[in-house]
Amino acid sequence: MSTHTPRLTDAFKLAPETIKGLLAASTALKAGGLEPALLELVKIRASQINGCAFCLHMHVTDARKMGETEMRLHLLNAWRDSSLYTDRERAALAWTEALTRVADTGAPDEDYALVQAHFTEAEQVHLSLAIGLINLWNRLQVGFRAAHPPVAHSAATAA
């Protein structure tokens, strides 16, 4: 179990050009046409799976600022058993789980069929890139035991 002691003081300062590239990819994904609220749900769900408190704090804060309801945030971990999510969100969440756990799932055809039914091909690519990127951010933050801030984070540091 983690002792919650950060392993590095500031990983971002140690690889500034690479981090700039990741931030540029995040910005490009925001402009890729997917709904911002959907992207936040995807980021939160992947971060739940990966146990990334840093990213959960950030993206729950961002989702709330966008008007996401507390109940949908609370039920996200059990989205399959809740009627609060649209079919498009369900497809995105199933794909998020499949790609986040790709070593175990192999990205099943039934999950991809849901994505095909609700997303254009370009949106499928953007969604998959968003899932991959949040998983990368999760691995960076979990690996170095980044501590989430005690207060709401700044939008300038959003992943």
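Colleague: Is Asp-111 buried or exposed, and which side chain of opposite charge is nearest?
Modeller: In this predicted model, Asp-111 is buried. The nearest side chain of opposite charge is Arg-80, 5.0 Å away.

Colleague: Why no salt bridge for Asp-111, then?
Modeller: A salt bridge needs a distance within 4 Å. Arg-80 is 5.0 Å away, so Asp-111 has none.

Colleague: Where does Asp-111 sit, and what is it in contact with?
Modeller: Asp-111 is in helix 8, residues 109-118. Leaving aside neighbours within four places in sequence, Asp-111 is in contact with Ala-94, Trp-95 and Ala-98.

Colleague: New topic. How many aromatic pairs does the structure hold?
Modeller: There are 2. Phe-12 and Trp-137 have ring centres 5.6 Å apart and planes at 50 degrees, so that pair is tilted.

Colleague: Which parts does that pair tie together?
Modeller: Phe-12 lies in helix 1 and Trp-137 in helix 9, so the pair links parts 125 residues apart in sequence. Phe-12 is partly exposed at 27% relative accessibility. Trp-137 is buried at 3%.

Colleague: And Trp-95, what does it pair with?
Modeller: Trp-95 pairs with Tyr-112. The pair is tilted, with 5.5 Å centre to centre and 50 degrees between the planes. Trp-95 is in helix 6 and Tyr-112 in helix 8, so parts 17 residues apart in sequence are tied together.

Colleague: Are those two buried or partly exposed?
Modeller: Trp-95 is buried, at 8% relative accessibility. Tyr-112 is partly exposed, at 32%.

Colleague: What does the UniProt annotation cover?
Modeller: The unreviewed UniProt entry annotates residues 17-98 as "domain: Carboxymuconolactone decarboxylase-like". Over residues 17-98 the chain is 73% helix and 0% strand.

Conventions
Residues numbered from 1 in each chain as written. Predicted model: local features only at pLDDT ≥ 70, side-chain atom pairs only at ≥ 80, totals over all residues. Heavy atoms only, no water. Helix = DSSP H or I, 4+ residues; strand = E, 2+ residues; numbered from the N terminus. Buried < 20%, exposed > 50% of the residue type's maximum accessible area, 1.4 Å probe, protein only. Lys, Arg positive; Asp, Glu negative; His and termini not counted. Contact = heavy atoms within 4.5 Å. UniProt positions renumbered as here; feature names shortened; annotations may be inferred. Phe/Tyr/Trp six-rings, centres within 6.5 Å; stacked < 30°, edge-to-face > 60°.
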